[in-house]
Amino acid sequence: MPVHLVNPSHLSFGVGVITPRWLFVLAAATPASHGQPRLTDETLEPFDLESVAPGDIVGVGIHTSNALRGYEVGTLARARGAVVIFGGIHATLYPEEALSLGGAHAVVRGDGDVVWPLVLDHAVRGTLQPIYEAGRIDADQFVSARWDLLPNGRYMWGSVQTVRGCPKHCSFCSVWRTDGQKPRQRAVDAVVDEIMDLRRRGVRFVALADDNFYPVTLADLALAERHGQAGRYEQLRALRAERFELMDRLAQLPSDMIFFTQITMEAAEDAAFLEAMRRARIKGALVGVEAVTPEGLKDVFKSFNDVGDALVARLRVFKDHGVHVLGSFIFGLPSDRPATFGATADVAERAGVSFAQFVMLTPYPGTVDFEAWEKKLGGEVAQIAGVPITRHWLIPQAQRPRVFARHPVMPPDEIRARTQAVWDRFYSLRRIWARSKCTPTLRARLAFVLISKLYRQMYANTGIATDSARVTRANRWARLLAKPCQRLFAAGPLPSN
Ligand code: B12
Ligand code: SF4
């Protein structure tokens, strides 16, 4: 039975920034007896339903914000006679939803790598169970992606995961609960092989799609030692050594390769680690700054971050080691005040972050924040388009609120408008041009400007704006900017040996 895998999106930009890794991993886990899986990433173009014949299998992977579009795809595919199977983080959290609203015959909860062939076998035999509990597999069972199915010239970055899970417990994040707090690190050889596979195909920019690239801190090691936990100390030390081994190997890859990852701010304490990142050409990292006040950090259980001048100094350490920071900030925390917005933009500028994203606090299911929010609302849940806001992902995109919890001093529109203003300020042409000085040549400076503008159109204007004309305009701009940006990232392929 032919297999289609669909990554849903309500907006298509023609070109994608980062490859949706799950598509290529599940493709690799699909047995050859099903033929070549057909992959559709709707951030490039919408799924062609005409390509689905009765009896085909359609796998849909969803996170919370694209779940509604995923349900539409599943329902339409089922109506054409397909066998529909859901997976991904949102389906893991709400399997019943995919069954009742998404036309799913079956839902996989957890990692799909190992269970997928079994599910396909059941689909062929007609013995599908409604729910498969795949759980968390060990790192040595992670399947390497099939990059031979990568469409040519459509993405700027490939994505290779090196570790899954995060030992922290931030209140707005579900990773530590779904992926677990125990880091599951892939073997260095498997990671490097995949990266080289991408490079041979002309991809020289690779996102290390990890929850947290720095899973063992110096503080963790010191604590284990102080408490006389010899076994734990040894385990942490081995994990850390493996990180260095990986970075040493990355340093030996073709010198035009560039990496990007996600990391906690604690890495700033660890000069040896940052130096290894420099040698490995990990030139960028998304750092979750979240808030610039102690109250804000307390709101999100992230007291391990710094504030004020210490925060600026810490972020600067990354730059001093050649790692550009994409700072991630959250607005709408209960302790935020009107002055917080300007203060946050000031910190981002003073700290010299190269890129920044300013997201509005969204209660994502599976998080501590979500549970507290749902409990607090009790029986008094407002509805939009007939959907309770505690199921906000089911509200049609155009009507979906951008701010969810009642704020002690600011109405939702004020939070949204102030957030938009911070994006506008940070990504003004004058400021982008000033920041672009961090690049070596005029060509690189122009590339920096183009990418900054694209980033802002894709993430801010289509995500925060409530005005549909602005969203349409932003989408058009993003489509225009995306193609030349993609060309800037592409490289010539390398021979296979
Ligand atoms: C790398 C990453 C990014 C990158 C790249 C995104 C990309 N294009 O790939 C960047 C930084 C751009 C990013 C952005 C965002 N991200 Co992100 N991201 C990740 C991260 C760390 C890894 C994703 C990944 O590649 N995993 C590797 C693949 C193989 O794993 P997987 O997708 O989970 O798939 C496995 C299973 O879920 C399952 N599966 C998946 N689909 C299917 C389908 C079928 C049919 C089956 C059977 C199984 C199956 O099998 C797969 C193999 O085991 C995840 C955390 C995580 N651990 O997943 C967060 C995560 C997905 N992101 C998250 C969020 C919130 C976002 C943002 C909204 C953040 C923001 N506020 O801007 C944006 C949204 C961007 C977008 N529109 O997609 C949340 C989603 C939470 C939720 N409930 O939906 C996560 C879980 C992290 C978190 N903090 O909680 N992200
Ligand atoms: S936000 Fe980052 S540091 Fe916090 S639990 Fe999630 S992955 Fe870990």
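In which helix is the place of Ala345? Ala345 lies in helix H13, which spans residues 338–350. Helices here are DSSP runs of H or I with at least four residues, strands are runs of E with at least two, and both are numbered from the N terminus. The model is predicted: local features need pLDDT of at least 70, side-chain atom pairs count only at pLDDT 80 or more, and totals for chains, interfaces and linings use all residues. Residues are numbered from 1 along each chain as its sequence is written, chains are lettered from A and ligands numbered from 1 in the order in which they are written, and side-chain values use heavy atoms, with hydrogens and water left out.

Ala345 counts as buried because its relative accessibility is 1%. Buried means under 20% relative accessible area, exposed over 50%, and partly exposed in between (1.4 Å probe, protein chains only). Not counting residues up to four places away in sequence, Ala345 touches Val422 and Arg425. Contact means heavy atoms within 4.5 Å. Ala345 and Tyr455 are separated by 110 residues in sequence, and their C-alpha atoms are 17 Å apart.

An open sheet contains six strands in the order S3-S1-S4-S5-S6-S7. The pairing is parallel. Strands S3 (38–41) and S7 (131–135) stand at the edges with a single partner strand each, so one side of each has no neighbour in the sheet. Neighbouring strands are turned against each other by 20 degrees on average, direction ignored. Two strands pair if DSSP finds at least two bridges between them. Strand S6 (residues 106–110) runs parallel to S7 and is joined to it by four bridges. Within this pair, Gly110 stands opposite Gly135 in S7.

Helix H1 (residues 21–29) touches strand S1 (3–7), S3 and strand S4 (57–61), and its direction makes about 165 degrees with that of S1. Helix H2 (residues 67–79) touches S1, S4 and strand S5 (83–87), and its direction makes about 160 degrees with that of S5. Axes are lines fitted to C-alpha atoms, for helices over the stretch in contact; angles run from 0 to 180 degrees between N-to-C directions. S5 and S6 pair in the parallel sense over two bridges. Phe86 stands opposite Val107 in S6.

Most residues other than glycine have a negative phi. Glu290 has a positive phi, near 65 degrees. Glu290 is located in strand S13 (residues 282–290). With 5% relative accessibility, Glu290 counts as buried. Ala385 also has a positive phi, near 55 degrees. Ala385 is found in the loop between strand S16 (383–384) and strand S17 (387–388). Its relative accessible area is 48%, so Ala385 is partly exposed.

Trp433, Leu442 and Leu446 make a nonpolar surface patch of about 310 Å². Patches are made of residues with over 30% relative accessible area and no salt bridge; like charges are joined within 9 Å, and nonpolar side chains (Val, Leu, Ile, Met, Phe, Trp, Tyr) within 5 Å. A salt bridge is a side-chain nitrogen of Lys or Arg within 4 Å of a carboxyl oxygen of Asp or Glu. Areas come from the Shrake-Rupley method with a 1.4 Å probe; for residues, only the protein chains shown count as cover. Leu446 belongs to helix H17 (residues 442–461). Leu446 counts as partly exposed because its relative accessibility is 48%.
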